[in-house]
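User: I am new to this structure and would like to learn how to read it one feature at a time. Could you take me through it slowly, giving the general idea before each case?

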Amino acid sequence: MCSPTDNKDSTSALKGAVGVLSLSTIGLLVATIVLATNNSSEEAAPSVKAAESATTLDFLSSKEASSFFASDEMNKCAGAKLAVDNQLCADLEVPGPQAGGNVTKGYVGELDVGDLTPNTKQYFQSSMCPVNVHWHLGSEHYSYGEFDENGDGPHGNIPRPDWANRDLAGAGESVPDGFRCHHFDETDAKFTTKYEWKHCKGMEVGETYEVHWPHSAAGACGTVNQYQTPFYDGVFCNLPMETFVTLGAQDIASAVGVHGQVFTVVNDESYFYPDMIRGMIVDPDMNMGQDVAMYTGSTTGDSRSNEMCSQYAPITWQVDRKCHMISASSFDKLCYDMKMQRDDMSDDLHPHGSRELVEDNLVANNQQRLRAM
């Protein structure tokens, strides 16, 4: 039989052993939890990556499998273009007003168009919707102090034509270019750092591009067929020739119009805008779409000149007089959105050539200034 002292010592020893065992158990438990957590994290990583991958699906592949794009016959606007050939301006008894012209504040063209006026409303107020988006290398229009002969870009600029009055306040292919903006600075990285283009073709950081959004009241507005290439298919989608020939000049100018806005592309995400397909960017805080010139003109592009006139006239032009910076990623997002349309817009994923500045005698004398949009 043990003495009280021995019992006390045994009890203390037992408590100590229990304490050590408890600490060991807790330590083992903690280690197990940590190990399990690490293993779970490692095992979960592929799942997380899979989830992230699921949220960034290859939508272009999904488009190829989609029944929405199964047949060109589903595109009701395909082939809707009403063919009207260019003609020598000199052969036209009264040539229609041409674009792109001078949009400098205070400028007035010399072609008398009588009572013909541009549509001064916001286009959606005239039941018009954008039916296409495309852009030109350099600006086709001229706005003194914004996009003119004094601007610059990675490849310089073009001179102002000798006839013009100076007294004013696809990838791998070469196309005629237009004027440049004044933003370019070769010492600033955002104008010179290359961008990895994923969807647009033939684009370059630091360059100036004039974006056009043709609008039409006869487009397939609000439907999957709204955006079309060529843009004529969108403009004339719901306008058969027999109806078109009954329309007067003012009817056309009130129902067909183009938004024009000029940008210098930068490699800087602080200039990112995600929805360029919708139309002219209007933002009072950024002074975008606030100083807008309006006049009646024609379709543009390098197949037209001061000798060869477009017969697609008169249509309304609403052109932002200011040049703005926009991120390369904004354009790439636009090209991606274009790829996602029902119609094949691949012919508009690159810059088009610019028409030479239209001479004063071919520019309508009905310039107006739109109040802030």
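Analyst: Let us begin with a term that we shall need throughout: a residue is called buried when its relative accessible area is under 20%, exposed when that area is over 50%, and partly exposed in between. Please also keep in mind that this is a predicted model.

User: How is that cut-off applied to tyrosine 312, and is this residue buried or exposed?

Analyst: Tyrosine 312 has a relative accessible area of 8%, so it counts as buried. Phenylalanine 236 is likewise buried, because its relative accessible area is 7%.

User: How do the rings of phenylalanine 236 and tyrosine 312 lie towards each other?

Analyst: A search of the whole structure finds 10 aromatic pairs. In the pair of phenylalanine 236 and tyrosine 312, the ring centres are 6.1 Å apart and the planes stand at 40 degrees, so this pair is tilted. The pair links distant parts of the chain, 76 residues apart, with phenylalanine 236 in the loop between helix H3 (231-235) and helix H4 (241-244), and tyrosine 312 in the loop between strand E9 (308-309) and strand E10 (315-327). Both residues also belong to one aromatic cluster, formed by Phe231, Tyr232, Phe236, Phe244 and Tyr312.

User: Which charged residues sit over a ring?

Analyst: One case is lysine 63, which lies over the face of phenylalanine 69 at 5.0 Å from the ring centre. Another is arginine 160, whose charged end sits over the ring of tyrosine 142, 3.9 Å from its centre.

User: Let us turn to the cysteines. How many disulfides does the structure hold?

Analyst: A disulfide is a covalent bond between the sulfur atoms of two cysteines. This structure holds five of them, and when the bonded cysteines are counted along the chain, they follow the pattern 1-7, 2-8, 3-6, 4-9, 5-10.

User: What is the handedness of the disulfide between cysteine 77 and cysteine 237, and how is it read?

Analyst: The sulfur atoms of cysteine 77 and cysteine 237 are 2.1 Å apart, and the torsion about their S-S bond is about -75 degrees, so the disulfide is left-handed. Both of these cysteines are buried.

The link of cysteine 129 and cysteine 221 is also left-handed, with -85 degrees about the S-S bond.

The link of cysteine 200 and cysteine 335 is right-handed, with 100 degrees about the S-S bond. The pair links distant parts of the chain, 135 residues apart, with cysteine 200 in the loop between strand E5 (180-181) and strand E6 (208-216), and cysteine 335 in helix H6 (residues 328-339). Cysteine 200 and cysteine 335 are both buried.

User: How many residues of strand E7 are buried, and which way do they point?

Analyst: In a regular strand the side chains alternate between the two faces of the sheet. Strand E7 (residues 256-266) is mostly covered, with 11 of its 11 residues buried. Val256, Val258, Gly260, Val262, Thr264 and Val266 point one way from E7, while Gly257, His259, Gln261, Phe263 and Val265 point the other way.

User: Which strands does E7 pair with, and are they parallel or antiparallel to it?

Analyst: E6 and E7 run antiparallel and are joined by nine bridges, whereas E7 and E10 run parallel and are also joined by nine bridges.

Conventions: Residues are numbered from 1 along each chain as its sequence is written. This is a predicted model: local features need pLDDT of at least 70, side-chain atom pairs count only at pLDDT 80 or more; totals for chains, interfaces and linings use all residues. Side-chain values use heavy atoms; hydrogens and water are left out. A disulfide is a pair of cysteine sulfur atoms within 2.5 Å. Buried means under 20% relative accessible area, exposed over 50%, partly exposed in between (1.4 Å probe, protein chains only). Helices (H or I, at least four residues) and strands (E, at least two) are DSSP runs, numbered from the N terminus. Rings of Phe, Tyr and Trp (its six-membered ring) pair if their centres lie within 6.5 Å; planes under 30 degrees apart count as stacked, over 60 as edge-to-face and the rest as tilted. A charge sits over a ring if NZ of Lys or CZ of Arg is within 6 Å of the ring centre and within 35 degrees of the ring normal. Two strands pair if DSSP finds at least two bridges between them.
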